[in-house]
Amino acid sequence: MSQGEESLLFASLGVITVFINFVSSLLSIYYCFQEKKPSVNLRWNGTDCLVTRRAGRACNGSGLVAMSHWAGHSPTAAKVSLLVLLVSAVCSRTSLSERVAEFALTKIEESDIKDDSGKEPIADDDADPEDLEVFYPTHQWQALRPGQAVPAGSHVRLNLQTGDREARLPDGENGKSDTRGEKRRRRLDKMDIDSNSFTSQELKKALAKMKESEKAERMAHEEEVRKKFRPIHQLKEEFEKLHVKMETDYEIMDKLISKFNSSASTLDEKVAALYDLEYYVHQVDNAKDFLSMGGLQLVIEGLNSTEPVLKEHAAFVLGAALSSNPKVQIEAIEGGALQKLLVILATEQPQAVKKKALFALCSMLRHFPYAQQQFLKLGGLQVLRGLFRQKGTEALHVRVVTLLYDLIVEKMLLEDSQHGDQTEEKIQQYRQVKLVPAVVEQDWCVVVSKLLALPEHDAREKVLQLLGVLMAFCRERYRGDRALSAALGLLRSEYEELAAEEQRDGDKDGYFKELLGSVNTIIQELG
């Protein structure tokens, strides 16, 4: 036990002794007067005293000498004696209090543990330390400001020199208070995300937990899928047991090319092989593999076949492989595919063969200025112009118009785009393609205008689009064309009625309204 604790214990025992002596004295005096005893022996504060009813009292010390003066007045003297005894007890209590003052560090401050109502405050474990003015102490003693809360487990003392309360972390800690961390972990476990009460670090931790949860769910889903479906190697083994082999696209195309090139294959087998090849070469990667396997050259040679059905399907496979595939386009034009396609379109061939040949030609020319230049040099426009003179080729007319429109607009859009190194190079290539002058020179203006008499609205739309593009080059020719003016007038009347019917049905921006707008635009430019 420390020296301060021993002093406090002795002071408490002294107070209890004084109180017992005081009570005993009161009881003795009371008993003296009530029982009419001649005297009462008292011992007060270490002094022997004798209290009498009539003769007063005598003391061996100076404890209560003042009472002897009132010995002749029994009732009054008794009251005065009681009063003096009470004053002496209070004085003794005061002196004891002064003796204990030196141990102020052991005094419990009631203000620290009780509120204004005198009740002990109830700690709220769920109180958010960030919502209060919380003081987070370190290992050094730090002064507290009024109203600051201290986390549980911290050491608090009263500095007698400065009068401030000070706090520090308990010994053996890692330098951090666990209270704040516990509160945050509790909140993160609840996932009560609130941007006003959470810091960025807390939100990052919450997001990390979410990612871990998503990863766990994904792994659980993958495991569930594995249970439902068998792996590919197991399927291959089972197919091999069933004498069924899983083949890649490359292996399938290699077999089809071999069948088409085999002299032992019948015509139907060759046609079937070409039909299947067309399905695979639509994909860009498969078309490149088709080129590396030598299949492209075989198909180009198939355009010279004496069998129209082989020509048709060979042109179909060629067009599918050429679509949006520059590498195949270059190899095809170097292999002589352009000349062979123009020959098919210029000679007597079945309608189906010419249709597939035109499809392959369109696939070769789009977005390939070099092929367009070679097309003009080989007289490709004259070949297409001849299709309008042949009977039974009406279904090809709209396709030719669509091809010319796409080629003209393709060049215009490229010239209007932002220039870069590659774009500038391509523009230089397109400038060598003199498509529009050749179209005007070969009188395509009149050929196109006559197609407005077609009954299909889709065909009319394509013709109106090409007329709008050619208007800048064929305006003078169109102004003198009465047949064109009459055709445009009939179309405007027809589409006004159809557009009005669309509006009555609730379609304000319908298809026929767009066609009517195209017709009105051409009429205004001609006027």
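This is a predicted model: local features need pLDDT of at least 70, side-chain atom pairs count only at pLDDT 80 or more; totals for chains, interfaces and linings use all residues.

Student: Is W444 buried or exposed?

Tutor: W444 has a relative accessibility of 0% and therefore counts as buried.

Student: How is a pair of aromatic rings described?

Tutor: A pair of aromatic rings is described by two quantities, the distance of the centres and the angle of the planes. The structure holds six aromatic pairs. In one of them, the ring centres of F388 and W444 lie 5.5 Å apart with the planes at 85°. Planes over 60 degrees apart count as edge-to-face, so this pair of F388 and W444 is edge-to-face.

Student: Where in the chain do F388 and W444 lie?

Tutor: F388 belongs to the loop between α16 (380–387) and α17 (394–416), whereas W444 is in helix α20 (residues 444–449). The two are 56 residues apart, and their pair links distant parts of the chain.

Student: What are the distance and the angle for the rings of Y495 and F512?

Tutor: The centres of the Y495 and F512 rings are 6.1 Å apart and the planes stand at 25°, so this pair is stacked. Because Y495 is in helix α22 (residues 482–504) and F512 in helix α23 (residues 511–526), the pair ties together parts 17 residues apart in sequence. Y495 and F512 are both buried. Together with Y511, they form one aromatic cluster.

Student: Which residues form a nonpolar patch on the surface?

Tutor: I16, F19 and I20 form such a patch, and their accessible area together is about 310 Å². F19 lies in helix α1 (residues 3–35). With a relative accessible area of 54%, F19 is exposed.

Student: Let us turn to strands. What is the order of the strands in the open sheet?

Tutor: The open sheet has three strands in the order β4-β6-β5, with antiparallel pairing. β4 (142–143) and β5 (155–158) stand at the edges; each has a single partner strand, so one side of each is left without a neighbour in the sheet. Two bridges join β4 to β6 (residues 165–168), and Q142 stands opposite A167 in β6.

Student: How many helices and strands has the chain, and what percentage of its residues count as buried?

Tutor: The chain has 23 helices and six strands. Of its 527 residues, 34% count as buried. The accessible surface of the chain is about 33,100 Å², with 52% belonging to carbon and sulfur atoms.

Note on methods. Residues are numbered from 1 along each chain as its sequence is written. Side-chain values use heavy atoms; hydrogens and water are left out. Patches are made of residues with over 30% relative accessible area and no salt bridge: like charges are joined within 9 Å, nonpolar side chains (Val, Leu, Ile, Met, Phe, Trp, Tyr) within 5 Å. Accessible areas come from the Shrake-Rupley method with a 1.4 Å probe; for residues, only the protein chains shown count as cover. A salt bridge is a side-chain nitrogen of Lys or Arg within 4 Å of a carboxyl oxygen of Asp or Glu. Helices (H or I, at least four residues) and strands (E, at least two) are DSSP runs, numbered from the N terminus. Buried means under 20% relative accessible area, exposed over 50%, partly exposed in between (1.4 Å probe, protein chains only). Two strands pair if DSSP finds at least two bridges between them. Rings of Phe, Tyr and Trp (its six-membered ring) pair if their centres lie within 6.5 Å; planes under 30 degrees apart count as stacked, over 60 as edge-to-face and the rest as tilted.
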